[in-house]
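This briefing covers helix packing and one annotated segment. The model is shown first, and the notes follow by topic.

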Amino acid sequence: MGRIAVAAVVSLWVIPISVLVDRVVPDPYMDEIFHIPQAQRYCRGDFGTWDPMITTPPGLYYLSLVYIASLFPTMWFAKFAPTMSSICSAATLRSTNAFVAVICSVLIYDLLIQLRPTLGEKKATIYAILLASYPLHWFFTFLYYTDVASLTAVLAMYLASLKRKFWLSAMLGALATMFRQTNIIWMFFIAANSAVSYAENLYGQDSVLQNKHKTMLEDNDLLSHNRSTPISSGLRKRRMHNSSSNSQQSVFERSEFSLHHPPAGFFDEILDVISKLWSLKWKVAIAFAPFVMVLLAFVTFVIWNGSIVLGAKEAHAVSPHFAQMLYFGLCCAAALGPVHFTQATCLYQSFRKNKIFHSFQVLLALVIGFIAVFFFSIAHPYLLADNRHYPFYLWRKVIQVHWMMKYLLIPLYVYSWSFIISILGERQRRIWVLSYVIATALVLVPAPLIEFRYYTIPFYFLILHSKIGETSNWLLIGSLYAVVNIFTMYLFLFRPFHWDHEPGTQRFIW
């Protein structure tokens, strides 16, 4: 029932807004000028022509072909379209993402149920609907971009992995890389954490079996001892039985404690995980072989292609853009604004408990932030050339408004990442948090262009694994998203940009 409710509510805004967007903006917009013509070539059966400006694989175009092929019989019978290629209008291609967005919302619901079994169907339904309205995901639902399909494939891969359907998860991982190459990092992140969980569960089962076997041996020894003991020594026999039971119970409790409560030190936790993976290496290797196959296929493609991107290789060359992590942290902190009221108090209390250590951490973070901003802050030509993006205005009106501003923002960056690590650390193990930070860095740091769309997948992993328990916080977050979505859609539909044809200018004007 929850899935149906989520799909129905999301459809209530997806369908009418899609129709409105197609009426007001019927022509390809921004990157659609590359994607829509390429998909239309595929509709005509032309698979040999490729636009050199497209950087991502053709997964979205193949998905659109399957989607349009499912629509064609009905439209042909109703005499709306004589051929498949005649259906491939901008509106129909955009509706691919509208359809996928509804599926994505259902996957979010399933992940909430899987990750938080005690949440309840009603709350999971509300939270899934609110998360489906996340602005960076919501807006591109109505355009023909790869982001919605990319997110959906990654979430489906993650859900399959949580259900221990590793072959299916690896296949979905391969599909996800067909939408966006950087999804190979998220496949590796999912596989690595699933391998840790898989090994710990096997290790726990082996520990329980060993305890049971030990208990049986002790019972047999006790039985043989009782047979050789006189009947009159019943009191002594009961004492021995009670002592044995207590010993068995303490052994079982210790094994349970070591299973559910890993060593306190962070390095001890890492060593504990490595030892469990090593002791079960062959079982883990067999279970996760499909992921290795996909990874090897991807590496082979990169070597053959000479780059991770397909087109515009010079404009998307790998760059050490460490400041990208700072922008991501601030963006996520802003998207979770209502949570700060409670989390800031927790951070302050934690700081007071060990002022010297936390002061050193803050100082170190500030130094790292300064290095990232001073040495590894990149102004990509695409960022400065197109003023139809929010990052253009944030760069020009905030970060570059004064030479000191980019440094004054460093404390905000540090707080944002402290906030992220804090809310993740309340629910996740430290090794999971570390792997999340590494995966996010591997996705974002090599990207020279500041593009908020790149933050969507790491943000969903963040919020799905964060401790946001109060319904009021969720409702405030949903209200924040609604305001941003309405404002953005208003600008997009009713304040259109026009190209300035004045000599020497390359910009859009209101």
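Helix 7 and helix 8 are roughly antiparallel to each other, because angles over 145 degrees count as roughly antiparallel. The model is predicted, with local features needing pLDDT of at least 70 and side-chain atom pairs pLDDT 80 or more, while totals for chains, interfaces and linings use all residues. Residues are numbered from 1 along each chain as its sequence is written, and side-chain values use heavy atoms, leaving out hydrogens and water.

**Helix 7 and helix 8**
- The axes of helix 7 (residues 147-162) and helix 8 (residues 166-179) cross at roughly 165 degrees and come within 8 Å; axes are lines fitted to C-alpha atoms, for helices over the stretch in contact, with angles from 0 to 180 degrees between N-to-C directions.
- Helices are DSSP runs (H or I, at least four residues), and strands are runs of E of at least two, numbered from the N terminus.
- The crossing of helix 7 and helix 8 is left-handed, meaning that the near helix is turned anticlockwise from the far one by less than a right angle.
- Contact (heavy atoms within 4.5 Å) involves residues including Ala149, Ala153 and Met157 of helix 7 and Phe166, Leu172 and Phe179 of helix 8.
- The residues of this contact divide into 11 nonpolar, 4 polar and no charged; Ala, Val, Leu, Ile, Met, Phe, Trp, Tyr, Cys and Pro count as nonpolar, Asp, Glu, Lys and Arg as charged, and the others, Gly among them, as polar.

**Helix 1 and helix 4**
- The axes of helix 1 and helix 4 (residues 90-115) come within 9 Å and cross at roughly 155 degrees, and the two helices are therefore roughly antiparallel.
- Helix 1 passes helix 4 in a right-handed crossing.
- Among the residues that meet are Val6, Val10 and Val14 in helix 1 and Ala98, Val102 and Tyr109 in helix 4.
- By class, this contact has 11 nonpolar, 4 polar and 4 charged residues.

**Asp22**
- Asp22 lies in helix 1 (residues 2-24).
- The side chains of Asp22 and Arg94 are joined by a polar contact of 3.1 Å.

Technical notes
Angles under 35 degrees count as roughly parallel, over 145 as roughly antiparallel, 65 to 115 as roughly perpendicular and the rest as oblique. A polar contact is a pair of N or O atoms within 3.5 Å; within protein, one must be able to donate a hydrogen and the other to accept it, and residues adjacent in sequence count only if both atoms are side-chain atoms.
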